[in-house]
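Have a look at the model first.

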Amino acid sequence: MCTVHIYCFLRTRSAHRTQEKRSVVTIAADSATRRTRSSTWILATLAFSGIVVSLMQTLVVPLIHILPELLNTSASTASWVITSTLLAAAVVTPVSGRLGDMFGKRRMILVSMAFLVAGSVVCALSETVPLVIIGRILQGAATGAIPLGISILRDELPAEKVGGAISVMSSTMGVGGAIGLPLAAATAQNFNWHMLFWASAVLGALVAIAVAILVPESSVRNPGRFDYLGAVGLAAGLVSLLLAITKGAEWGWTSATTLGLLAAALVVFLAWGFAELRTAAPLVNLRVSASRPILLTNLASVMTGFAMYATSLTVPQLLQSPPETGYGLGQSMVMAGLCMAPAGIVMMLLSPVSARITNRYGPRTTLMVGTVVIAVGYLIGAVLMNEVWQIALVSTIIGAGIGVAYAAMPALIMRSVPLHETAAANGLNSLMRMVGTSFASAVMTVVLANMTMSFGPALVPTHRAFVVTFLIGAAAALLALLIAAFIPRRVPASVVAPTPAADLEPEPAR
């Protein structure tokens with residue numbers, strides 16, 4: 001009888017233990033499911049914010065030729081509607097990254113969305129060029145949301161999901177611009193131009209609501225005093241440099257204004273760098289930024305940004321040129337935008353591929369693959385530009401390369417900096433891409449303006465001018481490839497604090 005009781009007791013205890021194990025497994029599975037769903041919502045929300053912010057870059061492109069009439073001003077003054085956004089984005093992006101590291105990245109994304117909504121409303125209610133420029137400056141101040149979002153993904157997502165998430169987030173920089181061009185053109189063509197800005201205000205508000213509800217605040221902080229002197233110095237240097245680059249063709253490259261701004265930029269940056277090296281909590285950690293991995297990645301980013309923007313400037317002009325020129329394809333602005341839209345879609349679709357390449361071979365290899373694809377696209381374009389489908393194919397190939405290359409840059413940056421400096425480092429890297437786009441704008445403008453032929457009363461670029469722009473784009477991509485080849489395969493563990501495994505480059509297979 002005692003034996004029976006003992007047997008029953010042991011069997012009951014075993015059943016309880018089995019049930020406890022099943023409960024633990026169930027709880028763990030439920031927890032993993034919740035984390036997966038949470039990660040998905042975080043990524044979707046931040047990617048949406050990236051697309052909306054990048055939309056601002058192409059929002060007024062369809063209006064360029066009619067802005068002087070709409071705002072009752074000269075073409076020279078109207079061009080500030082675009083230039084002001086670029087300058088604001090360049091100045092604010094590294095500043096918002098540092099503030100994100102100090103006070104919270106999610107908080108700074110919400111501040112960025114507030115700028116975007118405010119700027120959109122100002123433009124939507126304006127009829128004069130000064131107010132529209134003010135609104136565009138506020139819109140440009142929202143650009144820092146993209147590198148902030150990338151940093152949040154590193155802080156909040158499981159290590160195994162970071163690589164793919166960063167690829168998706170990085171691709172939004174091109175997706176928004178590519179998709180936004182035809183949408184903006186169609187809106188401008190069929191509705192009052194103010195509707196563009198009302199739409200952007202609504203999108204900005206939706207992003208803010210989604211971020212407030214679905215994105216947690218990162219617990220990774222780098223407290224300290226904000227470097228006001230560094231921010232002012234960086235702003236002064238960037239404004240001087242970018243003004244000279246973007247307005248040099250209009251003012252004259254040897255004019256006193258252009259040369260004076262370039263000289264001022266050089267002096268300001270030298271003084272700024274001297275001060276930053278002696279600041280306890282600098283806006284930009286120049287010692288880290290000057291390290292070989294970061295420096296080479298940022299230089300490659302400049303050239304990749306150049307290659308990205310070169311196609312945005314030349315392809316629409318080629319598509320819209322009259323067929324009577326002998327090379328033009330006579331497409332409308334809407335059709336030109338639709339021809340470029342597949343490039344943005346491909347960028348998003350290739351995000352998983354980019355993540356696999358990074359996980360298998362490392363982000364350096366991913367960047368090199370992307371630059372090779374970009375170069376191939378440009379070289380094909382230099383030969384095939386006689387049909388609309390050919391231009392669409394070339395734009396898609398270049399877009400695929402840009403998507404792959406852009407996805408690698410944050411991973412290269414974040415594996416080389418301490419965890420608490422990721423937002424500032426990503427902001428600086430985004431700034432380098434903007435500098436590249438500015439140089440592309442200047443170079444392509446010079447080529448297309450100087451290699452011209454008479455077409456009625458006007459001068460238009462020649463067929464050779466477009467071939468040269470494609471070759472320059474290929475050269476920029478190949479230079480980025482050369483620079484990337486010298487980025488170290490691995491970063492010594494002593495350089496940075498521990499980082500997620502997805503950010504580290506694996507040993508090559510032997």
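Let's start with Arg278, whose charged end sits over the ring of Phe274, 3.8 Å from the ring's centre. That label applies when NZ of Lys or CZ of Arg is within 6 Å of the ring centre and within 35 degrees of the ring normal. Keep in mind that this is a predicted model, where local features need pLDDT of at least 70 and side-chain atom pairs count only at pLDDT 80 or more, while totals for chains, interfaces and linings use all residues. Residues are numbered from 1 along each chain as its sequence is written, and side-chain values use heavy atoms, with hydrogens and water left out.

**Charges over rings**
- Lys247 has its charged end over the ring of Trp80, 4.7 Å from the centre of that ring.

**Aromatic pairs**
- Searching the whole structure turns up five aromatic pairs; rings of Phe, Tyr and Trp (its six-membered ring) pair if their centres lie within 6.5 Å, and planes under 30 degrees apart count as stacked, over 60 as edge-to-face and the rest as tilted.
- One of them is Trp193 with Phe197, edge-to-face at 6.1 Å centre to centre and 85° between the planes.
- Trp193 counts as buried at 8% relative accessibility, and Phe197 counts as buried at 1%; buried means under 20% relative accessible area, exposed over 50% and partly exposed in between (1.4 Å probe, protein chains only).
- Phe226 and Tyr228 have ring centres 5.0 Å apart and planes at 80°, so this pair is edge-to-face too.
- Phe226 is buried at 15% relative accessibility, whereas Tyr228 is exposed at 62%.

**Nonpolar surface patch**
- Trp41, Ile209, Ile213 and Leu214 make up a nonpolar patch on the surface, with about 440 Å² of accessible area together (Shrake-Rupley method, 1.4 Å probe, only the protein chains shown counting as cover for residues).
- Patch residues have over 30% relative accessible area and no salt bridge, with like charges joined within 9 Å and nonpolar side chains (Val, Leu, Ile, Met, Phe, Trp, Tyr) within 5 Å; a salt bridge is a side-chain nitrogen of Lys or Arg within 4 Å of a carboxyl oxygen of Asp or Glu.
- Helix H9 (residues 194-214) supplies the largest share of the patch, three residues; helices are DSSP runs (H or I, at least four residues), numbered from the N terminus.
- Leu214 lies in helix H9 and is partly exposed, at 31% relative accessible area.

**Cysteines**
- There are zero disulfides (pairs of cysteine sulfur atoms within 2.5 Å) in the structure.
- Cys123 is buried at 0% relative accessibility, and Cys339 is buried at 8%.

Terms used: Helices (H or I, at least four residues) and strands (E, at least two) are DSSP runs, numbered from the N terminus.
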